[in-house]
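Hi there,

Here is the structure I promised to pass on. Have a look at it first, and my notes follow below.

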Amino acid sequence: MKNKGAVVVLTIIITLLCVYYLSFTFVSRGIQEEARAYATDTTTGVVSDFKKQQYLDSIWNLPVYSLFGVEYTYKDIKDTELNLGLDLQGGMHVVLEVSPVDIIRGLSGNSEDEDFLEALRLAREKQKDSQASYVDLFYESYNELAPGKKLSPLFATAANRGRISASDDDDVVLDVLKQEVADAIDRSEIILRTRVDQFGTSQPNIQRLPGTGRIQIEIPGAENPERVRKLLQGVAKLEFWEVVESYNLEALQVINDKLAEEARNAPTDISDIESNINAPEEDLSSLLGGDTTSTADELAELVNPQQDSIDSAQEVIDSLQEVLGVTGRGVSPLISLATPPGSYVYDISDTSDIGRILRRDDIQSLLPRNIRYMWDAKSTESNGRFLLPLNFVRAGRGGGPLLEGDVITNARADFDQYGKPAVSMQMNASGSRKWAQITREASAKSPKGRVAVVLDDYVYSAPSVLGEIPNGNSQITGVFTQEEVKDLANILKAGSLPAPTRIVEEAIVGPTLGQVAQNQGIVSILSGLAIVVIFMIAYYSSGGLVANLALLFNIFFILGILANYNAALTLPGIAGIVLTIGMSIDANVLIFERIREEQRRGMKLRESIKQGYQKAFWTIFDSNLTTLIAALVLILLGQGPVKGFAVTLMIGIFCSFFSAVYITRVIVEWMVRKGDDAKVSFKTALSQGLLSDMNLNFIGNRKKAYIFSAIFIVVGVGSIFTQGGLNLGVDFKGGRSYVVAFGEPVVATNLKIDLTNSFQDNGTEVKNFGGNSVVKVTTAYLIDDESDVADGQVRNALISGIETSTGKTFVAEDANVNEGTFTIAGSGKVGATIADDIKNASMRSIAFALILIFAYIAIRFRKWQFGLGAIAALFHDVLFVLGAYGIAGLLGMSFEVDQVFIAAVLTIIGYSINDTVIVFDRIREYLGLQTSRDNVKIFNSAINSTLNRTVVTSATTLFVVLVLFLFGGEVLRGFSFALMIGVLVGTYSSMFVASPIVVDLAGKGVPDKDDGAIVNS
């Protein structure tokens, strides 16, 4: 083998990198367990979330792990660990859409034109069934209502002066509208990022969904969904406040003196501590600024949670002083924690402590009534620390800001007189008058006064005012990057163009449901791995040991790469790993079967190994590439769980190819280094002679196969229509779904009758979900109303309906469920518009995958007959799976057709084409040998020669998918069922559909002599 050294070096490098990145995950899990142990009451066993978070906060910026001489803080650990998806740990997933209606109405100056208002309404209706942008749909509707009527009179307002005039064509107006909608999405993303950080959960994720104008947010551990909804959907509040310099605020020195006095009065000896052990709770609370304890042991834990016990009273005192930020001289935390002291700039991990101090009633009473404090919106990094300035502002008349943002008519990124990035903004007449007075007073101060630009109570900029600005046209200069001025300009538009967001998709996973999913995922992986390991050893002897070692490398590499990219491991991602376990064996099966073939021909061991790897290489390459095409399509067009599955699958394809083709060859060649007499075997008593020298007439029986397939598909697809169509999931048809957990078994059919009445017979479905004590309720009740009010109505109807039907009482917490109660363990909502988008994207992904695969097969095998045969087999497989879904429905097994089903279909396409390519590759090889001009004989010989590999690979994959079906949980039940059918039918179609169709198409093209001959049978 050439480049053996390079393979070894690359394997070592990848392994070390995976160890490096995965080590952070193990360290993080260990710290989480320590925090849980610290927060667990030894008497009751109850875990305090507050104490757990306090423990983690205390070590956020402290070194907790050292590797190769480099120290890492807990923050570094969290930034690098392998994350768990919401379905495995609980939390809230939200997709928000910026309301273009409000933006367009705002640009028109809130026009009351009847055609204009009706066009906005019609566009909203059309959007439910269209992929076009809202602006285009609005224009289309406006033209229908008022043919020939121009848009410019509606939008040529004073606020739009310089951008839209009354004489402008519609194209100019549309460009402005589209740009403003795009800017609103950018602005909303900035605002939402700031708001999401307020939830205090670890690693919230926010990202734009490309090409949709939507924003996806995932908040792990979100405990108050109602608070999340209100905060995410609120209209941004832009304000201007007068900045008060801290050195001019005498009250701050008074506060510092008070806190220093508290520190000086802290216990100083054993007697003081003993006297405080039984002190009233409020005394100790005032000492700690709000944190309360009642015993000396609890005090010791609070001030130093990393220490299991406190050995002396003096250590308690020292730790307490450290928490308060004091020394023996009594320096207050406002001073001692600042960087540098006196600057009121703090490490971001200390801001919650500072905020708690400033919110104390006794501290608030020391500040002037018109003074408020606000944090900067963004932190800055300095020497590895993230610092956040604390600002003090003075309220104007009435206790509010100097000016509100609705006076701004426009803001844009610009350049100052020196060519440096700046922001220009314009105000309306009323705002200009107030702004002139504000800037006149601020610029008259010495030094110049500053005005803070505040959005949602966070300071985004606080520039100095250099002079009076009489006309409302201002420019904000400073040390800005081009990106920063763009963001600031966008923020300033929040006042003039409010862009409320609405939730169009939502999923809530309770912590109990997440833990169940974790357990099911682990069982699936371990069970699938165990089955494959045992089978490979039993079938391929020492070759099986090598394949198993490569499989372990494969899984290890997948997890390491996911950790490297800080990706989240989801339940569909685990399904991808489980599937990879089955499919990654395929390459080794191909290689080992080739080696056994060469040995049956009398070739020596070492030469047969060489030939086996060489002849199998391009077959493995082709089969992996076609599966990769399906995975890429899922990544590009899929959303949510589908994308997570596809990312894991794609990584698995690369890892399995490298480990199965290169790592195994290095190991095998090392095992036979002593020559052909090495005790290395690729067969056992079980596998010797099994399925070899078969002579089945696949081509001759193709018409029987055609008839069988046609009957199954017609019956199966026909049964779907008799049942009222496919059982579409919420993400395809829209609606709301709830996972309801009971303390004892319930009958789903009885519950459905009562809930149908409660939901006014709006397509309500109730079925057991992974057990008799859990049901999933899906309803289209109020599907067209995506408001929070409608969400509450549906939820209340659900609760009252279940209480009426069962007599049980609703409880909010999973942990409180008993025989007489129930809870909502998880929920989901998909609006009609996004459901239509998801459904169309899914159809496009299947069509796109089929086109790409057809093109590749036709080019790779140089004949369109092969490409068409492969695509016909894939259509056959998809219809067969749909038919199986229909027949399963008749038998009482109803599976939803949703995004995860589409992922299964594309996986089946990849798996089936994998089988087909391997057969086609052997056919091409036999045609090249020109041993016969009888195509029936050639094709049959090729299929029979690959039969051993086909059956073995299908069996191992089927075993793994069966494990997924049995142990993967209800979420993946339909997915794994589709895969089980797909594996069987994919194997069947590669032998009885794809190859026979190529023979039947032979009369429409005869290959060149070099490629062999195809004749009619």
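Helices (H or I, at least four residues) and strands (E, at least two) are DSSP runs, numbered from the N terminus. This is a predicted model, in which local features need pLDDT of at least 70 and side-chain atom pairs count only at pLDDT 80 or more, while totals for chains, interfaces and linings use all residues. Residues are numbered from 1 along each chain as its sequence is written, and side-chain values use heavy atoms, with hydrogens and water left out.

**A pocket**

On a 1 Å grid over the protein atoms alone, a pocket is an open set of points where a 1.4 Å probe fits, with protein on both sides within 12 Å along at least five of seven lines; lining residues have an atom within 4 Å of a point. The second largest pocket has a volume of about 630 Å³, meaning the space filled by probe spheres set on the points, which are joined across faces, edges and corners. It is lined by 25 residues, and the closest to its centre are Glu242, Leu402, Ile438, Glu441 and Lys445. Strand S7 (238–244) and helix H19 (429–443) each supply at least two lining residues; H19 gives the most, with 5.

**Aromatic rings**

Rings of Phe, Tyr and Trp (its six-membered ring) pair if their centres lie within 6.5 Å; planes under 30 degrees apart count as stacked, over 60 as edge-to-face and the rest as tilted. The whole structure holds 37 aromatic pairs. In one of them, the ring centres of Tyr20 and Phe24 are 5.0 Å apart and the planes stand at 90°, so this pair is edge-to-face. Both residues belong to helix H1 (residues 4–39), where Tyr20 and Phe24 are 4 residues apart, about one turn of the helix.

Best wishes
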